[in-house]
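This report describes the structure displayed below.

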Amino acid sequence: MLSEQPAGAILLCDKPAGITSHDMVAQVRRARRCKVGHTGTLDPFATGLLVLLLGPATKLQRFLTELPKTYLATARLGWRSSTGDPEGELVETGHLPDSLELPTGTVRQRLPMTSAVRVGGERLYRKAHRGETVQTPQRDVEVFRAELLGHDALSARYEVECSAGTYVRTLIETLGDAYCCALRRTAIGPFEVRDAPEELSTDVLADFVPADLLR
């Protein structure tokens with residue numbers, strides 16, 4: 001995946017748990033010795049598809065960041081997390097959600113403190129690391145599909161297809177006593193994690209990028 005290849009391409013990567021998306025970008029940048037951009041980050045605990053842009057392809061970033069995403073998510077039931085994921089303070093409540101149905105359609109979400117969105121000129125997660133708490137903004141996202149794949153007394157598994165900017169862990173929190181204990185991104189628009197690692201020509205973007213930018 002990190003061997004020397006021509007610049008100006010798209011690189012599909014399968015991020016493992018335990019590293020940041022920026023770690024992956026840095027690895028590729030060092031190996032390729034070219035400018036590298038991403039089309040949407042994943043939290044350190046999450047795994048799955050990162051679509052990286054190499055060299056001149058970084059100018060196409062704005063067209064890819066808004067593509068819909070698909071995730072496999074596991075909710076741990078009867079627990080709460082201060083961050084909505086395994087990295088927060090965990091408390092066992094023993095109370096199971098009344099319903100395992102996740103909301104779909106237009107959903108208003110409040111950004112978590114672990115978000116990379118800037119508030120007051122600084123990314124929220126930096127404030128959180130200092131122990132600060134602020135009133136975070138809300139925004140509308142679209143959840144196209146939230147299918148319950150299976151469940152038992154302790155957990156529930158979902159496949160979620162949603163718009164860019166959706167926080168799946170925040171979606172899981174709508175169940176009540178539950179948090180997102182595992183998250184894997186399986187697709188970004190037409191790109192799928194099962195094809196990673198793979199390097200693609202920018203020609204594959206012809207359906208949603210102006211032709212003059214692909215020359």
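D85 belongs to the loop that runs between β5 (79–81) and β6 (90–92). The model is a predicted one. D85 has a relative accessible area of 2%, and because the threshold for burial is under 20%, D85 counts as buried.

A polar atom of the D85 side chain is placed 2.9 Å from the backbone nitrogen of E87. When neighbours within four places in sequence are set aside, the contacts of D85 are F45, L90, R169, Y179 and C180.

## Nonpolar cores

In soluble globular proteins, nonpolar side chains tend to be buried together. Here, the largest nonpolar core comprises 36 residues. The residues with the most contacts inside this core are L52, L102, Y158, V160, I172, L175 and L183. At least two core residues come from each of the strands β1 (9–15), β3 (47–54), β4 (69–77), β10 (138–151), β11 (155–162) and β12 (178–188), and likewise from each of the helices α1 (21–32) and α4 (168–173).

Another core, of 17 residues, lies apart from the largest one; its members include I10, F191, V209 and L214.

## Alanine 9 in strand β1

Strand β1 contains A9. The relative accessible area of A9 is 5%, so A9 is classed as buried. Not counting residues up to four places away in sequence, A9 touches L52, L53, L54, A57, E199, L200 and T202.

A9 and L52 are separated by 43 residues in sequence, and their C-alpha atoms are 8.5 Å apart in space.

## Aromatic rings

The number of aromatic pairs is zero under the distance rule that pairs ring centres within 6.5 Å. A charged group does lie over a ring, however: R76 is positioned over the face of W79, at 3.9 Å from the ring centre.

## Overall quantities

The protein contains four helices and 14 strands. Of its 215 residues, 45% count as buried.

Note on methods. Residues are numbered from 1 along each chain as its sequence is written. This is a predicted model: local features need pLDDT of at least 70, side-chain atom pairs count only at pLDDT 80 or more; totals for chains, interfaces and linings use all residues. Side-chain values use heavy atoms; hydrogens and water are left out. Buried means under 20% relative accessible area, exposed over 50%, partly exposed in between (1.4 Å probe, protein chains only). Rings of Phe, Tyr and Trp (its six-membered ring) pair if their centres lie within 6.5 Å; planes under 30 degrees apart count as stacked, over 60 as edge-to-face and the rest as tilted. A charge sits over a ring if NZ of Lys or CZ of Arg is within 6 Å of the ring centre and within 35 degrees of the ring normal. A polar contact is a pair of N or O atoms within 3.5 Å; within protein, one must be able to donate a hydrogen and the other to accept it, and residues adjacent in sequence count only if both atoms are side-chain atoms. Contact means heavy atoms within 4.5 Å. A nonpolar core is a set of buried Ala, Val, Leu, Ile, Met, Phe, Trp, Tyr and Cys residues joined through side-chain atoms within 4.5 Å.
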